[in-house]
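Student: Hi! Could you walk me through this structure?
Tutor: Happy to; let's look at it together.

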Amino acid sequence: MRAAVIQFPGSNCDRDMAVALDKVSGHNKPTQMIWHKESALPEGLDVIAIPGGFSFGDYLRCGAIAARSPIMRSVVDFANKGGFVLGVCNGFQVLTESGLLPGALMRNAQLKFICKDVELEVASTDSVFTSHYTKGQKITVPVAHHEGNYNADANTLKALKDQDRVAFRYTNNPNGAMDDIAGILSENRRVLGMMPHPERLNDPLLGGMDGNPLFESMAAALVSA
Amino acid sequence: MKARVHVTLKPGVLDPQGAAVRHSLGSLGFEGVEKVRQGKVIELELAETDKDKATKTVTDMCEKLLANTVIENYSVEIL
């Protein structure tokens, strides 16, 4: 699997994401780090990860400035051509702001920054990101966000449900997200955005392995030459 | 030429910040505040001198960046 991580000023989970991807993709193909001012992507990538953090200080709206940076035009093209994109936390916010995923992430209903482990239910296993989980499986993954309150209009929510595009749901909604949504897939199922951080729980030394199947799913599906 | 953009949450979109401000006003003794909605004001100084062109450009800016039209409405005022 050839992976790349996009780095914005204020990204802070970029190295963790790269470590998680390297762990499954093999160190002979290290994850490439791409600065946001680059306009073109390296050839032959299988998947691009947009990491967590506070890109551009969350100015204007979370992810809004990052979504309009030069590299994101190439990421949108990559996704529109069928490329795989994973956005975690701030990365999810960037993906909704760039239009690759529907809806928006708003301030948490209780107005508090939430940093804790939460339980998720795997709602869909029909994607390269979730195939190594079982449907309905309960996993525990940390969240760390102030704007994770997923909001979308009724038609969008219906489409997400009807098309089995809700990847993860909170079992005990921490932030007010509509329909307990923690992560969603694009229509072609190749773009996943999620607020919880699978890259922070993929090693026993970090306290658990519940995030690792996500990366293993990707590596198994995206075997490159 | 100056332009002022008001960005507000769409009706029906939950505004927890507005709700917290309303609660705080109540605790200060301001009674009868039934609802508070919080938004933002963005002021721009433009080189453009044609009012219609400026309106069009700023509207384009709102669509592309200044507002997230999934959850926000905007209005453009040329001063």
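Student: Where does A:Asn108 lie?
Tutor: A:Asn108 is in the loop that links β5 (104-106) and β6 (114-122) of chain A; strands here are DSSP runs of E, at least two residues, and helices are runs of H or I, at least four residues, numbered from the N terminus. This is a predicted model, where local features need pLDDT of at least 70, side-chain atom pairs count only at pLDDT 80 or more, and totals for chains, interfaces and linings use all residues. Residues are numbered from 1 along each chain as its sequence is written, chains are lettered from A and ligands numbered from 1 in the order in which they are written, and side-chain values use heavy atoms, leaving out hydrogens and water.

Student: Is A:Asn108 buried or exposed?
Tutor: A:Asn108 counts as buried because its relative accessibility is 1%; buried means under 20% relative accessible area, exposed over 50%, partly exposed in between (1.4 Å probe, protein chains only).

Student: Which residues does A:Asn108 touch?
Tutor: Leaving out residues up to four places away in sequence, they include A:Phe113, A:His145, A:Asn175 and B:Pro16; contact means heavy atoms within 4.5 Å.

Student: Changing topic: what is the strand order in the open sheet?
Tutor: The nine strands run β2-β1-β3-β4-β11-β10-β9-β6-β7 (chain A), with mixed pairing; two strands pair if DSSP finds at least two bridges between them.

Student: And which strands stand at the edges?
Tutor: β2 (32-35) and β7 (138-145) of chain A, each with a single partner strand, so one side of each has no neighbour in the sheet.

Student: How do β1 and β3 of chain A pair?
Tutor: Strands β1 (residues 3-7) and β3 (residues 47-50) of chain A are parallel, with three bridges. A:Ala3 has A:Val47 in β3(A) as its bridge partner.
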